[in-house]
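Please read them with the coordinates open.

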Amino acid sequence: MEIKELENIVFQTRRDILRMVHKVNSGHPGGSLGCTEFLVALYNEVMELKEGDFDMDGTNEDLFFLSNGHISPVFYSVLAHRGYFSKEELGTFRLLNSRLQGHPTTHEGLPGVRMASGSLGQGLSVALGAAQAKKLNGDNNLVYTLHGDGELQEGQNWEAIMYAAGKNVDNLIATIDFNGQQIDGPTSEVLPLGDLEAKFKAFGWDVLHIKEGNNMEAVVNGLNEAKARTGKGKPVCVLMHTIMGNGVDFMMHTHAWHGKAPNDEQLANGLAQNPETLGDY
Ligand SMILES: [Mg+2]
């Protein structure tokens, strides 16, 4: 897909995120907006996906596991526009009995969701099981994950990071949303992460940076570079530098909108900055 086409999906996805959280006055727009380019690129350009009905076995296609499940608004919008379910269903976000719960679940049966998340720190462990299953099955497709940077404060991650390198799980690309923010403030104040590149390398991973994680061309190129590094004995970590709240000026560069919805006026302002490209749900 052309970069311009991907950017058009990004505009629509930002609108969906704002409208979804505004409607129910809850949800997490900041991290969703920061990872919009990544998820749009992943699902529309980077991953090899099977056409037809979604199945949980996921054999012979690439898989994605969202570990920082609170950014469900961006995940649901991208899945809907990719055809996993109708975009009208986005209007049920966070409602009782909706398949689009605030944090993704699997028992609701929403196509595209492969694990329940929201409790942080678990996604890499789940993805490792799937990646090793692919190896056992002779399935050459890849497994992708996304994690918040603040999420790395959960100890389970570091067990999984050690395991992945120790078992040469080289069909796995773990991306860290490196925005330096978490719900209570900058990561540097809540609990500093230290030198993440050095830490992943010390655990035996191959590490690359996407320095402009909100520039579509940089994201596509970075993910393609990550793909090229798979199959060489090491798991691959992408440190993706993003801006929390990207694309809505008053939400950018702050944790203030991590888990807060815009009011009517703020919604109108945010939508005015993001043209409707594919049709609102
Ligand atoms: Mg963060």
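Which exposed residues does the face of α9 turned away from its buried side carry? Point 3 has the reply.

1. Basis. This is a predicted model, in which local features need pLDDT of at least 70 and side-chain atom pairs count only at pLDDT 80 or more, while totals for chains, interfaces and linings use all residues. Residue numbers start from 1 along each chain as its sequence is written.

2. Sheet. An open sheet is formed by 5 strands in the order β1-β2-β3-β7-β6, with parallel pairing. Strands (E, at least two residues) and helices (H or I, at least four) are DSSP runs numbered from the N terminus, and two strands pair if DSSP finds at least two bridges between them. At the edges are β1 (63-66) and β6 (206-210), each pairing on one side only. From one strand to the next, the twist averages 20°. β1 is joined to β2 (residues 143-148) by 4 bridges; L63 has V143 as its bridge partner in β2.

3. Helix α9. Residues 216-228 form α9, which lies across β3 (172-178), β6 and β7 (236-241) and runs at about 170° to β6. Such angles run from 0 to 180 degrees between N-to-C directions, with axes fitted to C-alpha atoms, for helices over the stretch in contact. M216, V219, V220, G222, L223 and A226 are the buried residues of α9. Seen down the axis of α9, they fall within an arc of 165°, so they line one face of the helix; the arc is that of the directions from the helix axis to the C-beta atoms. The face turned away from the buried side carries the exposed residues N224 and A228. A residue is buried with 20 or more other C-beta atoms within 10 Å of its own, exposed with 12 or fewer, and partly exposed in between, the C-beta atoms being placed from the backbone.

4. A41 touches M216, V219, V220 and L223, along with L6 and V46, not counting residues up to four places away in sequence. Contact requires C-beta atoms, placed from the backbone, within 7 Å.

5. Loop residue G204. G204 sits in the loop between α8 (196-202) and β6. It counts as partly exposed because it has 15 C-beta neighbours inside 10 Å. Leaving out residues up to four places away in sequence, G204 touches A165 and K234.

Note on methods. Contact = placed C-beta atoms within 7 Å.
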